[in-house]
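Reader: I'd like to learn how to read charge pairs in a model. Could you walk me through them?

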Amino acid sequence: MKAMRHFGLTILFTGIVFFTTAQSILNRTITIQVNRQRLDNVLEIISNKGNFYFSYNSAILKKDSIVSFNYDSKTVNAVLHSLFDDTYEFRESGNYIIIRKAPIRLTVVTKKAEITDKVYAVSGHVYDEQSGAGIDEASVYEKNILASAFTNSEGYFKIKLKSSKSKFAELTISKEFYRDAVLNIEPRINQEVSVTLKPEENIDAATIIVSPDDYLTPDAVKTIDTAAKKNTFLSDTVKVEKLGLSKFFLSAKQKVQSLNLRNFFTTRPFQVSFTPKLSTHGYLSAQVVNNFSLNVLGGYTGGTNGIEIGGLFNMDKKNVQYFQAAGLFNAVGGRVKGFQAAGITNIVLDTVQAFQVAGINNVVKGKFRGFQASGIYNHVTDSLRGFQAAGIGNFVNKKVTGLQVAGIANFSNKETDGVQIAGIINYSKKLRGLQIGLVNIADSSSGYSIGLINIVFKGYHKLSFYTNEIMNVNAAFKTGNAKFYSILLAGVNAGTANRAYSYGYGLGSERPLNKKNTFSINPEITCQYLYLGSWNYTNLNNRLDLNFNVKFNKYISFFAGPSFSVFISNQHSGIGNYRFPGPPAGYKPINFGTNVNGWFGWNAGVNFF
């Protein structure tokens, strides 16, 4: 019984939490008292009370209006309607309430014709309210059945609609730079109408966000008023219609429709397109988000919340979620989440949280999280968290957290907190992880670079000259960071007898013995080839040095220490004036087997820089 009571309480609590979370912003209740406050300050107070954001065009509000009221447990919707008249409307989008001018509602019917049963036509003209001229390429559409038409150069249009049992129908007229108008019409009757559109004022004014937080993320907003830190505007987003691919595959009317209907989007269970021009949703396809989308050759939709398949290509204005695949390319103006695959390229103008694969390249304008693979090149304009693999190169403009693998090059323009593996070159402005490649480059590094050439511009650089028991003149260039650096070295045993030449590669580390780093110890391991009169033999000296350093000044230090060598050679006799292979005279050899000997030696020299 007690267990059942606990279970019941759990279900009740879960239901309350779900209801609270699912409750719309406009239905949230707030208690607020305002006495002679500016309207923009009042909106900020409301947003703080309701824990949401406001978005609006600054030109449509009188922000300096003085407001006073006192409401106890009123909905946000009721409070807003008390502040604004019927010419405004309030729409929810995520955690935002968008304040905008309401569409103008018209009931202007100039002429009616015969009653029809199945299909009826609405025709007429759309005029500019100020000039009286006909408006060209205005969009006239019915939202429920997704029928649409355009006005011609004289503002004339004709749209055919299917009859329904509804007592009224609505046509919306939209045109870029004009306020929308909604026309109430009588269904099942052929009719002519005349509509005037009012131009928008100050269309270039910034959109204002009133936030309950001190600021929005720097990547999303810019400060426009230092005196009011909470007023910020969202940066313009690049639209999918501006892509070169879109310019090739989309008609002029589709682009105009997209501009006209920027505030209208709807959802449908499915759509089928043969080409972007031939779709079950007609010219309104780019305003519809579908659960299932099949594009025989290619399609242009508002977005996908399910599955989208394109024979050649898919183009989506907004977000894509769960699954998208195309024979040639996918172009998405919003976010992608789930799985995305294309034979040639994927282009996403917002963030990606997905498994993304393309035959040629992937391009992501926002942040990427997940797995990204392409045959040639991957490009992420923001940050990467996950795995990135390409046949030739990877580029991330900001931070890399994870793994980059490329056949030729990896490039991280800000910071790498992970691993870069490339066939030739890796670059990171700030390295905190690991680089493995032929050439590794970083501006600064607290990580590790493993390669033939490791360059850290603000790191460890030493030019060393030294002598040892094998070669009397040696030079080495050491670069990386003090924690881990690479060594390129060469040597010569000068003189008429016992000549020898060497070159090699090694790794080392500098460990300070005091706080000022005046004294330090450098363990180094190197492998060098010795030329002893003929290239036909293998003469490899593998050497471990333990050097003790004393810093003389900022640019010069002296070092010396013991060493141990393991010499591998298949040359059993000397050639001419070259030295005999094996341990130098006077050093006791340690035999490790056929052709392998070891001995203890020494090392001493000077470092510059």
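Reader: How many salt bridges does the structure hold?

Author: Side chains of opposite charge can pair when their charged atoms come close. A salt bridge here is a side-chain nitrogen of Lys or Arg within 4 Å of a carboxyl oxygen of Asp or Glu. The structure holds seven of them. This is a predicted model, in which local features need pLDDT of at least 70 and side-chain atom pairs pLDDT 80 or more, while totals for chains, interfaces and linings use all residues. Residues are numbered from 1 along each chain as its sequence is written, and side-chain values use heavy atoms, leaving out hydrogens and water.

Reader: Which residue forms a salt bridge with Glu415?

Author: That is Arg432, with the closest N and O atoms 3.0 Å apart. The two are 17 residues apart in the chain, Glu415 in strand 35 and Arg432 in the loop between strand 37 and strand 38; strands are DSSP runs of E, at least two residues, numbered from the N terminus.

Reader: Is Glu415 buried or exposed?

Author: Buried means under 20% relative accessible area, exposed over 50%, and partly exposed in between, using a 1.4 Å probe and protein chains only. Glu415 has 15% relative accessibility, so it counts as buried. Arg432, at 42%, is partly exposed.

Reader: What about Asp382?

Author: Its side chain meets that of Lys398 at 3.6 Å, N to O. Asp382 is buried at 10%, whereas Lys398 is partly exposed at 23%.

Reader: Which residues do shared partners join into one network?

Author: Glu469, Arg543 and Asp545. Within it, Asp545 and Arg543 have their closest N and O atoms 3.0 Å apart, and both residues are buried.

Notes
Helices (H or I, at least four residues) and strands (E, at least two) are DSSP runs, numbered from the N terminus.
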